[in-house]
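Welcome! Have the sequence and the 3D view open side by side, and take your time with each topic below.

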Amino acid sequence: MKEKFDELIALLKPLFKDNGFSKSALNFYKNTPNFIYVVNFQKSSGNGSTHTRFYINCGIYAPFIEATLGKEVLSKPKEYECHYRVRAHEISHRSAAHYELEPDSDVIKIYENLANELNLIFKFFEQSSQEENLIELMLEQNGLAAINQLYEYLLIKDKSEILISHAKMLYTKHGSETRWSKFDNQINELLRKYKKDEINFKI
């Protein structure tokens, strides 16, 4: 099945190139002034000689966030290193989360379906081209992880009102959980570090 998978990737390569992406292994990268967009093809660990299942992972990496926080800026981040991560089917609203390749699979038909889905992904990336787009996506999807990924950046950029609003939303959702005290401390330590008023979540 490796041959069919490799054939499919080869068919897709011109589509990626036409949309400004370059290939590295099973990753495709597009560099823009603000972001690095990543599309990753992930093979399932349960694949065999007569069956290949794969997923398409998408990511948006913001070098300016890492630079602002004094962290190393990656030139070719892996999808799992991106600030925003999403599976392709969550963007395209395709019912299945994966694709299947079998001996009798029609590679051209799968290519056509993939091309349609990828065009929706490329459009999504184009619509997520500004700092505020990424912040909104991260706050909406990343949940508690946004505390580590984004909160200090917001404080440095003097956008504490966004942090406070999101933190209160997290408390509404997770405040009854035992682990919340850890996040309460983490958030307020950050606020103290940047000489901002602490949040009393119980009010």
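How many cavities of 30 Å³ or more does a search of the whole structure find? The search finds one. Keep in mind as you read that this is a predicted model.

**The cavity**

- The largest cavity has a volume of about 40 Å³.
- Its lining includes Phe54, Tyr55 and Ile56, and strand 4 (52–61) is one of the elements that supply at least two residues of this lining.
- Helix 3 (88–92) also supplies at least two residues, and Ala88 and His89 are among the lining residues.
- Which element gives the most to the lining of the largest cavity? Strand 4 does, with three residues.

- Strand 1 (residues 22–24) pairs with strand 2 (residues 27–31) in the antiparallel sense, over three bridges.
- Two residues lie between strand 1 and strand 2, and the two strands form a hairpin.
- In the turn of this hairpin, Ala25 has a positive phi of about 60°.
- Ser24 stands opposite Asn27 in strand 2.
- Strand 2 also runs antiparallel to strand 3, and five bridges join them.
- Strand 2 and strand 3 form a hairpin too, this one with four residues between the strands.

**Asn40 and its surroundings**

- Look for Asn40 in strand 3 (residues 36–43), where Asn27 stands opposite Asn40.
- The side chains of Asn40 and Asn27 are joined by a polar contact of 2.8 Å.
- Is Asn40 buried or exposed? Asn40 counts as buried because its relative accessibility is 13%, and the cut-off for buried is under 20%.
- Setting aside neighbours within four places in sequence, Asn40 is in contact with Leu26, Asn27, Tyr55, Ile56, Asn57 and Glu79.

- In general terms, a disulfide is a covalent bond between the sulfur atoms of two cysteines.
- Cys58 is buried, with a relative accessible area of 0%, and Cys82 is buried as well, at 4%.

**Val107**

- Where is Val107? You will find Val107 in helix 4 (residues 107–127).
- Val107 counts as buried because its relative accessibility is 6%.
- Beyond its neighbours within four places in sequence, Val107 is in contact with Lys4, Glu7, Leu8 and Leu11.
- Val107 and Thr52 are 55 residues apart in sequence, and their C-alpha atoms are 12 Å apart in space.

Conventions:
Residues numbered from 1 in each chain as written. Predicted model: local features only at pLDDT ≥ 70, side-chain atom pairs only at ≥ 80, totals over all residues. Heavy atoms only, no water. Buried < 20%, exposed > 50% of the residue type's maximum accessible area, 1.4 Å probe, protein only. Polar contact = N/O pair within 3.5 Å; in protein donor to acceptor, adjacent residues only side chain to side chain. Contact = heavy atoms within 4.5 Å. Pairing = 2+ DSSP bridges. 1 Å grid on protein atoms, 1.4 Å probe; cavity = no way out; pocket = protein on both sides within 12 Å on 5 of 7 lines; lining within 4 Å. Points joined across faces, edges and corners; volume = space filled by probe spheres on them.
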